Amino acid sequence: MTAPQGAEGFNAWLVEFRKRAQSAGISTSVLDASLAGISYNPDVVKKDRNQSEFTKQIWEYLDSATSNARVTNGKKALAENDGILSQIEAKFGVEKEIVAAIWGLESAYGTFRGNVPIIESLATLSYDGRRGDFFEAQLIDALKIIQSGDVAPANMTGSWAGAMGHTQFMPSSYLSYAVDFTGDGKRDIWGDSPADALASTAAYLKGYGWTFGQPWGVEVILPKGFDFLLSSERVKKPATVWAQMGVRDTKGKIVPNYGPSSVLLPAGAQGAAFIIFNNFHVIERYNTADAYVIGVGHLADRIAGGTEIQADWPREDQALRFIEKIQMQERLTQAGFDTLGTDGIIGPNTIAAIKAFQASVGMIPDGYASSRVLSRLK
């Protein structure tokens, strides 16, 4: 599907979409009620186009995500909802602090759930075409939710991209994991009570393999002479092996063996280092950005009484713009270090390519996508 220009043709697209939705099992009455009065929303398209232009450095993100105010509010939210969260923890085997942290990052503990009409937003994004197939599938799932009776079209609100409720579920995730924890016959993630949303989040994490009692990660100190080529999510070793290399936590103790683990350097050799476990990757199913996963994990630790991250960050570094990330991928590939795509996302393939390039020119091979690496690639 190619991207249409502006709003022209939106109504014609709706006519054709209705046919596809009916073929997917959506009733005429639900379509009439849900699509009545919706229109092309250019603000949604603008946000979709601009979301990748600028990014924060991880320390800037964490300054907000794990601020003292968010920690304080998290402890308060945990205390006020301890009965519900403790029941959820017992039922699903997901620590209440993790559930509370996701709640805190996704909607500031329910205070910013989003008021954008979901059906109109998803219809706009489906018609617009950049990721039309994805958003149309989400739109049909949203209509299935309405058809189930869990929510009326007017009350199905959320963010511009389709995420809904206290913990910002996409429609497909809702259909797979939302639960009626209160027993009132509806899976209500939108209302003032957060119970169903928090339980649904625990069900989601459990469904993707959450292990109770396993940390998401532990901040560590790397020994002198550490082989930075081993710092990769793709390199997994028991914590006992890292201990043999001299890796210790910030108190100088050996990290317990919670299963296969990796050393993660989200800001390179000059920033904090973590040993991460499988629960890190479970949180990634919510949002793949390392900053988000560390934000959730560290916020949960702080809510539980833990300390701040001990290491300094290279705060003088400026974040690469989206176009600069594209340039880095192009230059790496041209130099013989294939990133297997130029999408502006610094994922495992690009990190591996950066490491190989850094090693080839005598830089510390930490995989950190910095302006220094980009400059060396000219």
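Modeller: In this predicted model, Glu 136 has a relative accessible area of 11%, and because that value is under the 20% cut-off, the residue counts as buried. Glu 136 forms a salt bridge with Arg 20, in which the closest N and O atoms are 2.7 Å apart. Arg 20, by contrast, is partly exposed, at a relative accessible area of 33%. Since Glu 136 belongs to helix H9 and Arg 20 to helix H1, the pair ties together parts that are 116 residues apart in sequence.

The two helices that carry this pair also pack against each other: H1, residues 10–23, and H9, residues 132–148, meet at an angle of about 65°, and their axes are 11 Å apart. The crossing of H1 and H9 is right-handed. On the H1 side, Trp 13, Phe 17, Arg 20 and Ala 21 take part, and they meet Glu 136, Leu 139, Ile 140 and Leu 143 of H9. Sorted by class, this contact has six nonpolar and two charged residues, with no polar ones.

The search of the whole structure finds ten salt bridges, one of which joins Asp 150 and Arg 187, with an N to O distance of 2.6 Å. Asp 150 lies in the loop between H9 and strand E2, whereas Arg 187 lies in the loop between helices H10 and H11, so this pair ties together parts 37 residues apart in sequence. Asp 150 is likewise buried, at a relative accessible area of 8%.

Technical notes
Residues numbered from 1 in each chain as written. Predicted model: local features only at pLDDT ≥ 70, side-chain atom pairs only at ≥ 80, totals over all residues. Heavy atoms only, no water. Axes fitted to C-alpha atoms, helices over the stretch in contact; angles between N-to-C directions. Helix = DSSP H or I, 4+ residues; strand = E, 2+ residues; numbered from the N terminus. Left-handed = near helix turned anticlockwise from the far one by under 90°. Contact = heavy atoms within 4.5 Å. Nonpolar A, V, L, I, M, F, W, Y, C, P; charged D, E, K, R; others polar. Salt bridge = Lys/Arg side-chain N within 4 Å of Asp/Glu carboxyl O. Buried < 20%, exposed > 50% of the residue type's maximum accessible area, 1.4 Å probe, protein only.
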